[in-house]
Amino acid sequence: MKPTPIEKFQYLVHLRATNVHLFYRLLEQNIKELTPLIYTPTVGEACLRWHEIFTQPEGMYLSYSDRGNLRQILDNWPHQVEITVLTDGSRILGLGDLGVNGMGIPVGKLALYTACAGIRPEATLPLTLDLGTNNKTLREDPLYMGSRRPKVTPEEEREFLDELMAALTDKWPSIVIQFEDFKNPFPALERYQNTYTMFNDDVQGTGAVIVGGFINAVKASGVPAKDHRAIFLGAGSAGVGVAKQIVEYFIKEGLTEEEARRKFWFVDSNGLVTLDRGDKLAEHKVYFARNDNNGRQYQSLARLIDFVQPTILMGLSTIGGAFNRDILTRMAALNERPIIFPLSNPSSKSECTFEEAVRHTDGRCLFASGSPFPAMEHDGKLLTPGQGNNMYVFPGIGLGAIISQATSVTQDMIYASAESLSTSLNKQEVADGWLYPDIRRIREVSVIVTRGVIRAAQKNGVDRATELRELSDAQLDAYIRERMYDPFQEKDNLSREFGQPLTSASAVNGVTNGHTPAHL
Ligand SMILES: NC(=O)c1ccc[n+]([C@@H]2O[C@H](COP(=O)([O-])OP(=O)(O)OC[C@H]3O[C@@H](n4cnc5c(N)ncnc54)[C@H](O)[C@@H]3O)[C@@H](O)[C@H]2O)c1
Ligand SMILES: O=C(O)C[C@H](O)C(=O)O
Ligand SMILES: [Mg+2]
């Protein structure tokens, strides 16, 4: 009866707050239909309008003025936390800096952790850092609930995060910390990944999920790995994260690292990423920067396609519609099965739609997008788009790290999630040429991914639950399934055993710390 996606979103938020088990029963039984409402694309609209549609607190907000007291504030949280998703709101999907409005993302991702990997809802902590925002329009909006100051400096953010990482791990020693939608997360990942059990989903989860589908796309393309060439539109955290995981795949396929690295041409807002283009390249781009351009610089995506003759076109640029008819037609002319992955979210930022990709490649493209698109008929055949959404891997990475009690999330654990995902398709899905399994089987897929992640943790010796090493794969799968929260086994408790109002820190101890809205 609710006519718009955002009203459906609000209805679901209310349901989760008042009857959490019913919410998860509904979600599990209708995962394909409801994911676009609780996650991309609708969560993007919810974040844009968070200050208008806010009805009740969810998760925990920590503001810059709380620094020095973060450890005590965490004591206000009334639950034993296994996993947190943490954002500073500075790059929410492809929608830019939304400040504390970004809370929709940790809430939405953690709902998927519960639905897809069965992490108990009360063991999840959505966390939003109110470190100011450079979004002036929001700052000046009377309804905006964050502090009305520009974003703190990177140095101040680093100090804040240093304190927070230590505080979270002191409070909950085996907590898994997922960074999400930070504008520039590279220093944070490098800084913390060997010390804490943390990962950055935009860099590593995206890399893994795309490699998972990419392995199947390469097989379906009929072109051997060594003959592929990729143009990436967008050289941010996600783009470079994806390419780094693909390098690893190419190496496993027999290429040297140097050969693998040379297969990528990156384009960012200043053009082709080259060493000689006259600006100071951000550090993360240097690895893939070209030095073989003989002084020539970027003119257009179309010209670059003519020059590189790519087999693969990836979009992580936040530029909706960038893969237009001309671009797609060129890819179709060059390849029997062009690999086209428009990955920017939400749907409005996708570099092309499924329909456009199918139409302009005569239905020959191997396609995956970040946000969902409907299946369509082409030449009398029903074609189903792949959705290279991180929800295929991050729940299993998180659960694998929790169950193995990993001291850190290693690169092998991330790569194992990708490889496990690529093997999780059933016979029918393979026969139908799908790149990703049916999202309705996500719990089964998550078991396979979780097992792969645990095995990699064991191989790297970062597991603290060493007794699991003795289990066979079948025993480990049974153990993982057994451990999963099953909303169908739970009795409804309408007295808000785990309702959002009780889980806001202020409601527990009557203090304002740890719980914005700052000026309420
Ligand atoms: N699995 C997924 O579907 C998935 C996962 C993570 C991120 N993403 C999406 O990827 C996008 C990028 O995320 P990010 O973390 O890398 O952001 P980012 O801000 O770090 O990077 C954006 C990149 O796009 C480039 N860019 C901007 N305008 C451009 C233009 N006109 N032409 C060419 N390049 C341009 C920027 O220079 C930058 O390199 C977002 O839309 C996000 O939603 C998708
Ligand atoms: O989970 C996803 O696929 C969304 C992604 O994290 C994004 O930032 O767009
Ligand atoms: Mg993200």
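These legends go with several close-up views of a predicted model. Residues are numbered from 1 along each chain as its sequence is written, and chains are lettered from A and ligands numbered from 1 in the order in which they are written. Because this is a predicted model, local features need pLDDT of at least 70 and side-chain atom pairs count only at pLDDT 80 or more, while totals for chains, interfaces and linings use all residues.

**View 1. Helices α7 and α18 pack at an angle of about 80 degrees.** Helix α7 covers residues 104-117 and helix α18 covers residues 394-404, and their axes are 9 Å apart. Helices here are DSSP runs (H or I, at least four residues), as are strands (E, at least two), numbered from the N terminus. Axes are lines fitted to C-alpha atoms, for helices over the stretch in contact, and angles run from 0 to 180 degrees between N-to-C directions. The two helices are therefore roughly perpendicular to each other (angles of 65 to 115 degrees count as such; under 35 is roughly parallel, over 145 roughly antiparallel and the rest oblique). On the α7 side, look for Leu 112, Tyr 113, Cys 116 and Ala 117; they meet Pro 395, Gly 396, Gly 398 and Leu 399 of α18. Two residues are in contact if their C-beta atoms, placed from the backbone, lie within 7 Å.

**View 2. Leu 15 sits in helix α1.** This helix spans residues 5-18. Setting aside neighbours within four places in sequence, Leu 15 is in contact with Leu 22 and Phe 23. Its C-alpha atom is separated by 9.9 Å from that of Leu 26, 11 residues apart along the chain.

**View 3. Asn 345 and Asn 389 carry a UniProt "binding site" feature, from an unreviewed entry.** The record also lists Arg 91; UniProt positions follow the numbering used here, feature names are shortened, and annotations may be inferred rather than shown by experiment. Asn 345 is found in the loop between β10 (339-342) and α17 (354-360), and is buried, with 25 other C-beta atoms within 10 Å. Beyond four places in sequence, its contacts include Thr 40, Leu 93 and Gly 370. Asn 389 lies in the loop between β14 (386-387) and α18. Asn 389 is buried, with 25 other C-beta atoms within 10 Å, and, leaving aside neighbours within four places in sequence, is in contact with Val 209 and Gly 370.

Notes:
A residue is buried if 20 or more other C-beta atoms lie within 10 Å of its own, exposed if 12 or fewer, and partly exposed in between; C-beta atoms are placed from the backbone.
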